[in-house]
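Here is a short briefing on one protein model. Keep the sequence and the 3D view open as you read.

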Amino acid sequence: MALDFLAGCAGGVAGVLVGHPFDTVKVRLQVQSVEKPQYRGTLHCFQSIIKQESVLGLYKGLGSPLMGLTFINALVFGVQGNTLRALGRDTPLNQFLAGAAAGAIQCVICCPMELAKTRLQLQDAGPARTYRGSLHCLAQIYRREGVRGVNRGMASTLLRETPSFGVYFLAYDVLTRALGCEPGDRLLVPKLLLAGGTSGILSWLSTYPVDVVKSRLQADGLRGAPRYDGFVDCVRQSYRAEGWRVFTRGLASTLLRAFPVNAATFATVTVVLTYARGPEPRPDGEAVPAAPAAPSGSGLAQPSSL
């Protein structure tokens, strides 16, 4: 368990550092006004942030996913591994169920972490900024809105993370088997990168519309009066104002982010575990590669991203 924990942290840090700029772009595209859009698309958003805020602007809110990384990976590895053992057999269905259980449990940390990240990514630069960092952001929200405010977007986070983690672990398991990812293979790392990156893309595609709603709910009230009464109201208002395409906003930057982030995360964790302790036994006695990491994302990190 200690080795799982350390490997997960290493993979998660790699994923967050690679993917956070894409996540910043995704969030800004998701929540910008349709009447007066600030950005024309993914590339224009990247260029605008760098021009107006420097490269560091792309890393706004980085402290939040890094701060929650240790706890999220500990929860995910513990829950996923124990659930798979409790189910008794390493089957595709059980991989999905174990991943879904891990995704649901880690929302306790993921939701407040992503709330702080979103608020920091959207605040103005310079002296006008409202929050000094992730902890200050959460403290301010708690002071104004209590526990409910800190957990804003929890329902949408659960709806996103539970199935997406299931898809994530299932896809990685299927792909590593199909590609023949075995210790000692000279192409092991490229295969792990391909499997991890593809799994991340599939995971995000499975629940991306829910992520749009989550971002809007967590950003609601940051600039002006709150607009939404809850998840369903946000879906209704967003669809009425912008049509179905609103639920794909920021998808390009998310998928651009998903492949390298999850490739880095899975490859780092699997290589560390594989060479540190060798193959793990399956519940039915057959050896398999060591367990994979969780999405970053957040950061997922998201599906994130996750």
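Helices here are DSSP runs of H or I with at least four residues, numbered from the N terminus. By that rule, H20 lies in helix α1, which covers residues 2-31. Bear in mind that this is a predicted model.

**Overall layout**
- The protein chain has ten helices and three strands.
- Read from the N terminus, the order of elements is α-α-α-α-α-α-α-α-α-α-β-β-β.
- The protein chain has 306 residues, and 53% of them count as buried.

- Is H20 buried or exposed? Its relative accessibility is 4%, and buried means under 20%, so H20 counts as buried.
- Look past the neighbours within four places in sequence, and H20 is in contact with L58, Y59, K60, G61, L62, P65, K117 and Q121.
- The H20 side chain comes to 2.6 Å from the backbone oxygen of K60. It also comes to 3.5 Å from the backbone nitrogen of L62.
- H20 and V261 are 241 residues apart in sequence. In space, their C-alpha atoms are 8.8 Å apart.

**S54 in a loop**
- S54 sits in the loop between α2 (42-53) and α3 (63-87).
- What is the phi of S54? It is positive, at about 75 degrees, although S54 is not a glycine.
- S54 has a relative accessibility of 33%, so it counts as partly exposed. That class lies between the buried limit of 20% and the exposed limit of 50%.

**Q95 in helix α4**
- Q95 belongs to helix α4, residues 92-105.
- With a relative accessible area of 6%, Q95 is buried.
- Apart from neighbours within four places in sequence, Q95 is in contact with Q80, L84, D90, F169, L170 and D173.

**L273 in helix α10**
- L273 is found in helix α10, which spans residues 251-277.
- The relative accessible area of L273 is 0%, so L273 is buried.
- L273 and L6 are 267 residues apart in sequence. Their C-alpha atoms are 9.4 Å apart in space.

**How helices pack**
- Two packed helices are described by the angle between their axes and the distance between the axes. Two pairs follow.

**Helices α5 and α8**
- Helix α5 (residues 107-122) packs with helix α8 (residues 188-219) at an angle of about 70 degrees, and the axes are 9 Å apart.
- Why does α5 count as roughly perpendicular to α8? Angles of 65 to 115 degrees count as roughly perpendicular, so the angle makes α5 roughly perpendicular to α8.
- The crossing of α5 past α8 is right-handed.
- On the α5 side, the contact is made by C111, E114, L115, T118, R119 and L122. On the α8 side, K214, S215, Q218 and A219 take part.
- By class, the residues in this contact of α5 with α8 are four nonpolar, three polar and three charged.

**Helices α7 and α8**
- Helix α7 (residues 154-179) and α8 have axes that come within 8 Å and cross at roughly 170 degrees.
- Angles over 145 degrees count as roughly antiparallel, so α7 is roughly antiparallel to α8.
- How many residues of each class does the contact of α7 with α8 have? It has 15 nonpolar, twelve polar and four charged residues.

How values were computed. Residues numbered from 1 in each chain as written. Predicted model: local features only at pLDDT ≥ 70, side-chain atom pairs only at ≥ 80, totals over all residues. Heavy atoms only, no water. Helix = DSSP H or I, 4+ residues; strand = E, 2+ residues; numbered from the N terminus. Buried < 20%, exposed > 50% of the residue type's maximum accessible area, 1.4 Å probe, protein only. Contact = heavy atoms within 4.5 Å. Polar contact = N/O pair within 3.5 Å; in protein donor to acceptor, adjacent residues only side chain to side chain. Axes fitted to C-alpha atoms, helices over the stretch in contact; angles between N-to-C directions. Parallel < 35°, antiparallel > 145°, perpendicular 65-115°, else oblique. Left-handed = near helix turned anticlockwise from the far one by under 90°. Nonpolar A, V, L, I, M, F, W, Y, C, P; charged D, E, K, R; others polar.
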